Amino acid sequence: MLSNELTKGTLQTIILKLLAEEQKMYGYEITQHVKSISEGKMVVTEGALYPTLHKLEKNGLVRTQQVMIGKRMRKYYSLTAKGKKANVNKLAEFQEFIQAMHLILKPKTTTS
Amino acid sequence: MSIQLNEEQVLFIENKLEELGLNYAPLQNEILDHFCCLTEEEMDKGHSFSQATQSVFEIFGKDELKKLQEQTISLTHQKSSRMKNIVFAFSTSFIILGTLFFFPKEEKINVNKVNKQPCPHKVTAQPFHEIGVKTAYEIFDEPPSMRPLNGNFKMTSGFGQRMHPVHKRKKMHLGVDFKAPIGTPVVATSDGVVVKVKDSGNTGYGIHIVIQHDDEYKTMYSHLSEVKIEKGQKVKKGEVVGLVGNTGASTIPHLHYEVIKNGKKVNPKDYYTP
């Protein structure tokens, strides 16, 4: 399993990407989705997820809708126009980051 | 077979979370839903309700919950407190400008994709209704701003230390009391969503209602004789939500009214003109 710290830094990117694909998700659904598509390698904790979701909402990147499910309320998140733009930017930025990491982690080739 | 918790089980989890210190309104509903989902997942594996809740709360306790709430508040309030200073400094004209500027436009939401991947249970048979597309932060600045009773009913007990009429000892009184006859209409003091309707019997608040107004404010109306709304319902400022009563720890018909700001009870008198 990947460390919490690595997950935390990328959580906004992950949430935006999932919402762009799924259109509408609630907290628990996000945790399950991440677990399943990362084949259990990545676990998003409640402690990291909800503060991040609220921050995204506050910054206008996501909007919410509350729906009564049985005896309780469920809060769905979806992207705003601003969130859709941010998703594209963040993904591009992250791809660059991955490339940079590749370069850094590549074993040094010594020429003799 | 997917299990869905019944009302009693949901209430058990709600109380457990309250016990653990969950009191920040914008998180309450979704954390409750999250823990209900976790419990259902455990029960789907064949565990009983009590085994399921035990293992769920073993992993997530008081400290984690406290951290979660603190983190959420700090991440969402950094900007707003700065905003408030500006608002104070530049008075009303700035408020109007600020409101126009900071309120994001509402966009249509795709309502068709509800429950694509429901947490383990199926919800198709359950009636669900939308209670609103407006987000807590979109209604940003709507603190309670009127008296909870129409008409000039006397405030019989203010906010602060007092001798408790039932328990006969000095206690903090974290709201205000209005003496009024049974059946007097009680109104919502700002727009919001009903997040709690509960009857604590002969103790405590008796029949009481909690309304969530925005990301900061909740109000509570207690000792009611009757409730006129349902949990989950949207209410308008001034809408009748219940009737004055004498339920719970109460000696005479009255309304006990509380204003809760970021989980802390504050003096309601600061939120209406006397």
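Predicted model: local features only at pLDDT ≥ 70, side-chain atom pairs only at ≥ 80, totals over all residues.
1. Which residues of α1(B) are buried? They are B:Gln9, B:Ile13, B:Glu14 and B:Leu17. These four cover an arc of only 140° around the axis, and therefore they lie on the same side of α1(B).

2. Turned away from the buried side of α1(B) are the exposed residues B:Glu7, B:Glu8, B:Asn15 and B:Glu19. The cover over the buried residues of α1(B) includes α2 (25-44) and α3 (49-59) of chain B.

3. The length of the helix can also be checked. Helix α1 of chain B comprises residues 7-19, and at 1.5 Å a residue its 13 residues should span 18 Å. Its end C-alpha atoms are 18 Å apart, in agreement with that expectation. Just after α1(B), B:Gly21 adopts a positive phi of about 105°.

4. Among the contacts in chain A between residues at least 6 apart in sequence, 55% join residues at least 24 apart.

5. Within chain A, confidence is lowest in helix α1 (residues 4-22), where the mean is 88. It is highest in strand β1 (residues 25-26) of chain A, at 97.

6. Eight bridges join β2(A) to strand β3 (residues 72-79) of chain A, in the antiparallel sense. A:Thr64 stands opposite A:Tyr77 of β3(A). A:Tyr77 also belongs to the largest nonpolar core, described next.

7. The largest nonpolar core has 41 residues, and those that touch the most other members are A:Ile15, A:Leu19, A:Tyr77 and B:Phe35. The element that gives the most to this core is α2(B), with nine residues. Another core, of 26 residues, lies apart from it and includes B:Phe159, B:Val210, B:Val241 and B:Val259.

8. When residues up to four places away in sequence are not counted, A:Ile15 touches A:Ile30, A:Thr52, A:Leu53 and A:Leu56. A:Thr52 also lies 9.1 Å from A:Lys8, C-alpha to C-alpha, although the two are 44 residues apart in sequence. A:Lys8 is found in helix α1 of chain A, and it counts as partly exposed because it has 14 C-beta neighbours inside 10 Å.

9. Two residues of chain A call for a closer look at the backbone. A:Gln23 has a positive phi of about 70° although it is not a glycine, and it lies in the loop between α1 and β1 of chain A. With 16 other C-beta atoms within 10 Å, A:Gln23 is partly exposed. A:Glu39, likewise not a glycine, has a positive phi of about 50°. A:Glu39 is placed in the loop between α2 (27-37) and α3 (46-58) of chain A.

10. Is A:Glu39 buried or exposed? A:Glu39 is exposed, since it has 7 other C-beta atoms within 10 Å, and a residue with 12 or fewer such neighbours counts as exposed.

11. Finally, chain B contains a hairpin. Strand β2 (residues 160-163) and strand β3 (residues 170-173) of chain B run antiparallel and are joined by four bridges. B:Arg162 has B:Lys171 as its bridge partner in β3(B). Between the strands of this hairpin there are six residues, and B:Lys168 takes a positive phi near 50° in the hairpin.

Definitions and conventions
Residues numbered from 1 in each chain as written. Chains lettered and ligands numbered in written order. Expected span 1.5 Å × (residues − 1). Buried ≥ 20, exposed ≤ 12 C-beta atoms within 10 Å, placed from the backbone. Arc of directions from axis to C-beta. Contact = placed C-beta atoms within 7 Å. Core = buried A, V, L, I, M, F, W, Y, C linked by C-beta atoms within 7 Å. pLDDT = per-residue confidence, 0-100. Pairing = 2+ DSSP bridges.
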